Every structure is written in C-alpha cells, then in structure tokens.
Amino acid sequence: MVGTRAVIGIRQSNGTVQANLYNITSNNKVGCELLPSKVELFKAEFRVQDMTGEVSSSYITISATLELNNQLYNVEKLNHVWQVGYNADLERLVPRIHHFSLQNFDSTETFNMTCEGDTLGVGHNQRYFRTVHGILNMVGWGILLPVGVIVARYFRKFPVRWNHWFGVHLGCQIVGYILGTTGWGIGLWLGRASRHYTFKTHRLLGIFIFTFTTLQMLALRLRPKPHDDYRKYWDMYHHFLGYALLAVISVNMFQGIAILKPNTTWKWAYIAILAALGVATLTLEIVTWTKFIKEKKTKRKNKNDSNRENQQSQSATDNNATK
C-alpha cells in the first residue's frame with residue numbers, strides 16, 4: 001500500500017529469512033523496484049530495532065521493535081498492514097508486487113497503543129457489507145426475478161391457467177427489485193469506499209442490470225392497453241429484455257463470487273439455484289410443447305372429421321337432387 005513503511009522478510013535459498021526496511025511509494029506501484037532503504041517519518045528517521053525473521057513449517061514470522069515519538073505520531077491510531085508476496089529477487093532483496101485480490105486490500109487494521117487490545121479492522125466492515133450485497137442481489141435479482149418470469153410465462157394462459165398468476169408475478173418482481181436495488185446501492189458505496197481498487201466489469205454489469213430492470217418495472221404504469229395496436233410489439237420488447245436481463249444477472253453473479261473468493265459453498269449454492277430454476281423451466285417447457293402438439297393434432301383431426309362429414313353430407317344432398 002502506497003505510503004507504508006514496511007518491514008519485509010524475504011526467504012533465502014538456504015532457508016533463512018532476511019528482514020529489511022522499505023519505503024513503499026507511488027513509484028513502486030507503477031513498476032519501480034522496491035529496494036531496502038531507511039524509513040523516515042515527518043523528515044525524521046523512524047527507528048526500528050531487533051528485526052528478525054524465521055521460518056516455522058510453512059509460515060514466516062517477522063518481529064521488530066518500533067520506537068514511536070508521541071509528538072510526531074498519533075499512537076492512538078497506529079495503522080498496521082500486512083501482505084503475502086510470492087516472488088522476490090533474492091540477491092538484491094527486491095520483493096515483487098503482491099496479488100490484487102480483496103484479501104490483499106483488506107489486510108489492514110488500526111491499533112490504539114494506549115489501550116491494551118483495542119484494535120479496529122478496517123476491512124471487517126467492508127467484508128460484512130460485501131456479504132450483505134451478495135445475498136441481497138442473489139435473492140432479489142438472482143432468484144425472485146427469474147421466478148416471476150417463470151410464473152408469467154407458464155401460468156398465465158398456457159399450459160396452465162392460474163387466476164392468481166399476475167399477483168404472484170408482480171410480487172416477485174417488486175420484492176426482487178427492492179432487494180436487488182438495495183444490494184446495488186451497497187455495491188456503489190463499496191466501490192466508492194475502495195480507493196485502491198475497482199472491478200469495472202462487475203460495476204458496469206450492475207449498472208446495466210439496475211437501469212434496465214428499472215425500465216422493466218415502469219411497465220406497471222406505462223404498459224399499453226390490450227386493445228392498442230402496438231401492444232404486441234411492446235410485449236416482444238418486454239419479453240426479450242426480460243430474458244436478456246436474466247442472462248446478464250447470472251453472469252454478474254458469477255463475477256461477484258469470483259471477486260469475493262469465498263469458500264466454494266457460495267458458488268455451488270448459486271449453481272444449485274440455477275439448476276433448480278433450469279429444471280423447472282425445462283419441465284414446464286416440455287409440458288407446454290407436449291400439450292401444444294397434442295391440441296394441434298386434436299384440432300387437425302376434428303377439422304378433418306368435420307370436412308369429411310361435410311363432404312358426405314354434400315354428396316348425399318347432390319344424390320338426392322339428381323334423383
């Protein structure tokens with residue numbers, strides 16, 4: 001993190017750990033090498049003593065003693081950051097840049113050195129709100145909106161006519177929109193609070209989803225009357241946009257899960273939800289086409305029977321007229 005005065009330990013080829021002081025500046029962020037250097041604070045040397053590093057099992061432990069001047073440094077707010085690197089130049093003791101995951105950026109906390117055990121994890125609140133953001137969007141946009149679409153497609157008239165379909169469809173869409181919009185708002189706040197990183201694809205897809213979902217919700221007031229000439233074109237637009245939104249929502253859900261990098265439970269839980277919705281849709285689609293084909297065959301048979309009866313009746317009438 002830019003502005004950090006760091007004690008960094010680099011594991012040597014012989015198994016020992018070499019600890020040194022480093023000043024992390026904006027130059028390092030753009031690719032300049034991070035070399036060992038003296039650490040200064042307000043143009044005064046920042047004294048660090050007894051730096052040691054050791055390896056135990058697969059962990060590296062670094063310890064040091066810091067001398068803090070109460071007049072130069074606010075000891076009630078000691079900002080502490082930590083990172084894990086994966087590569088370094090062993091000869092010149094140059095560490096390489098760490099990964100850019102949320103876990104790396106959240107590795108910070110603030111100590112109050114005047115009160116024993118008083119710490120504040122800066123990344124803790126953001127992790128909590130990210131979880132809330134994910135749950136709200138998964139339930140609102142990822143579950144309720146698709147359920148509302150399924151109800152509207154398969155329970156309005158065909159293959160099953162359900163008198164209460166519109167109320168259930170409307171309820172799912174409204175509740176899903178409210179939950180999704182709340183989660184989207186939390187996501188915007190998290191994006192503004194994250195000064196050092198941004199996830200452009202996830203953000204742009206979220207804005208796209210919110211914008212066009214809002215446009216879909218305006219159908220409550222702007223929907224044409226059934227007898228209007230352009231109603232069928234509006235229905236085509238409404239249905240196409242709804243199906244496109246469901247696809248984009250699914251993609252963005254996996255984007256968000258990939259960013260958070262939680263345990264695999266989240267990913268497989270959402271896959272299970274999609275699978276359940278997919279099985280329900282496929283089953284209802286099969287029922288729809290099966291019923292449609294049967295009814296079409298029945299109508300064709302009835303039409304042929306009717307034509308045959310009419311022909312026979314006409315033939316009998318002609319015979320009677322000839323006699």
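Visitor: What should I keep in mind before reading numbers off it?

Guide: This is a predicted model, in which local features need pLDDT of at least 70 and side-chain atom pairs count only at pLDDT 80 or more, while totals for chains, interfaces and linings use all residues. Residues are numbered from 1 along each chain as its sequence is written, and side-chain values use heavy atoms, with hydrogens and water left out.

Visitor: Let's start with H5, then; how far apart are its end C-alpha atoms?

Guide: Helices (H or I, at least four residues) and strands (E, at least two) are DSSP runs numbered from the N terminus, and the expected span of a helix is 1.5 Å times one less than its number of residues. Helix H5 has 18 residues, 200-217, and should span 26 Å, which agrees with its end C-alpha atoms being 26 Å apart.

Visitor: And which residues of H5 are buried?

Guide: Taking buried as under 20% relative accessible area, exposed as over 50% and partly exposed as in between (1.4 Å probe, protein chains only), the buried residues in H5 are His202, Gly206, Ile209, Phe210, Thr213, Gln216 and Met217. They cover an arc of only 125 degrees around the axis, which puts them on the same side of H5; the arc is that of the directions from the helix axis to the C-beta atoms. On the face of H5 turned away from that buried side sit the exposed residues Lys200 and Leu204.

Visitor: What about H4 and H7, how do their spans come out?

Guide: The 29 residues of H4 should span 42 Å, and its end C-alpha atoms are 42 Å apart, which agrees. Buried residues in H4 include Trp165, His169, Cys172, Gln173 and Trp184, and just after H7, Lys261 takes a positive phi of about 50 degrees.

Visitor: Switching topic: how many cavities are there?

Guide: On a 1 Å grid over the protein atoms alone, a cavity is a set of points where a 1.4 Å probe fits but cannot get out, whereas a pocket is an open set with protein on both sides within 12 Å along at least five of seven lines, and lining residues have an atom within 4 Å of a point. Grid points are joined across faces, edges and corners, and a volume is the space filled by probe spheres set on the points. By this rule there is 1 cavity of 30 Å³ or more, and the largest cavity has a volume of about 570 Å³.

Visitor: Which residues and elements line it?

Guide: The lining of the largest cavity has 30 residues, of which His133, Gly187, His202, Gly256 and Ile259 are the closest to its centre. Helix H3 (122-154), helix H4 (165-193), H5 and helix H7 (231-260) each give two or more residues to the lining, and H7 gives the most, with 7 residues. Counting Ala, Val, Leu, Ile, Met, Phe, Trp, Tyr, Cys and Pro as nonpolar, Asp, Glu, Lys and Arg as charged, and the others, Gly among them, as polar, the lining of the largest cavity divides into 16 nonpolar, 12 polar and 2 charged residues.

Visitor: And the second largest pocket, what is its volume and what lines it?

Guide: The second largest pocket has a volume of about 790 Å³ and is lined by 28 residues, with Ala152, Arg156, His169, His238 and His239 nearest its centre. H7 supplies the largest share of that lining, 10 residues, and the lining divides into 15 nonpolar, 7 polar and 6 charged residues.

Visitor: Which residues does UniProt cover with "binding site"?

Guide: The unreviewed UniProt entry gives that annotation to His133, His169, His202 and His238, and of these residues the lining of the largest cavity includes His133 and His202. UniProt positions are given in the numbering used here, feature names are shortened, and annotations may be inferred rather than shown by experiment.

Visitor: Where does it put "transmembrane region"?

Guide: The unreviewed entry places that feature at several stretches, among them residues 135-155 and 167-190. Over residues 135-155 the chain is 95% helix and 0% strand, and over residues 167-190 it is 100% helix and 0% strand, with end C-alpha atoms 34 Å apart.

Visitor: Last one: is Asp50 buried or exposed?

Guide: Asp50 lies in strand E5 (residues 47-56) and is exposed, with a relative accessible area of 57%. Its phi is near 55 degrees, a positive value in a residue other than glycine.
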